[in-house]
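I opened my notebook to look up a few local features of this model. My entries follow the structure.

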Amino acid sequence: RESLTLPSIESLPEGHFAKTYVQKRQIPESFHSQLYYAEDFADFVKSLNIEKDLMAGDKRLVIPFYDADKNIIALQGRALGESKLRYITVKLKDDNKKIFGLDRLDLSEDKRVYVVEGPIDSMFLDNAVATADSHLEGVTQVFDKSQVVLIFDNEPRNKEICKQIDRAIENHFAVVIWPEFIDYKDINDMILAGNDAEHIKIILDKRTFSGIQATLELTKWKKCNV
């Protein structure tokens, strides 16, 4: 697996604020060697010969996206402090896919691929990828829709999310409709509230629907007029 010319989170001393951030988010330790810290994200992106107008001196957690052959195809910089841009995602080449997690998938026929928005959320699920935005249907560039389950964030008042789920159901995707008793926005929030990954997966599998059943469940879940 390609690595970056940046210090990994694993290599940082205890108490370093980037390491503390990762620990506080309870990101599994198995990922700490694959996450990096950039003292100046703009400078780092420039060193990769990527043209992007970024703010100088911006400290960020760097999450590399790998293809199935473990080559880096994109990077996400996550702000570690207050920032107007919480996430900045850059592709190393324009035609690269912007999908996190392709390097750790089992594509056996009986295996579902779980698709979430955020790379950090995907780290708590086996066989999961992230699109780094809410356009989860974009994974069909890589997978057949019959292989995937789309897990949108749990935001029943967000009109855009409601529309995206509705469209995904119309397009014959299996989707997760969150149960009413969960009021956390995403998987990481559930982990931070004390749920373990296995328990979360059981909930997701129980709440995976398609077709008319998905439409009925969506109607019960959503709290926006779309």
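**Two asparagines and a helix**

I began with Asn127, which lies in the loop between α3 (119–122) and β6 (128–130). Helices here are DSSP runs of H or I with at least four residues, strands are runs of E with at least two, and both are numbered from the N terminus. The model is predicted: local features need pLDDT of at least 70, side-chain atom pairs count only at pLDDT 80 or more, and totals for chains, interfaces and linings use all residues. Residues are numbered from 1 along each chain as its sequence is written, and side-chain values use heavy atoms, with hydrogens and water left out.

I looked up the phi of Asn127 and found a positive value of about 55°, although Asn127 is not a glycine. Most residues other than glycine have a negative phi. Asn127 is buried, with a relative accessible area of 9%. Buried means under 20% relative accessible area, exposed over 50%, and partly exposed in between (1.4 Å probe, protein chains only).

Next I turned to Asn49, in the loop between α2 (41–47) and β2 (60–66). Its phi is also positive, near 60°. Asn49 is exposed, with a relative accessible area of 72%.

Then I took helix α7 (residues 211–221). Which of its residues are buried? I noted Ala214, Glu217, Leu218 and Trp221. They cover an arc of only 105° around the axis, so they sit on the same side of α7. The arc is that of the directions from the helix axis to the C-beta atoms. The face turned away from this buried side carries the exposed Ile212, Thr219 and Lys220.

Last, I checked the cover over the buried residues of α7, which includes α4 (159–170), β8 (174–176) and β9 (208–209). Contact here means heavy atoms within 4.5 Å.
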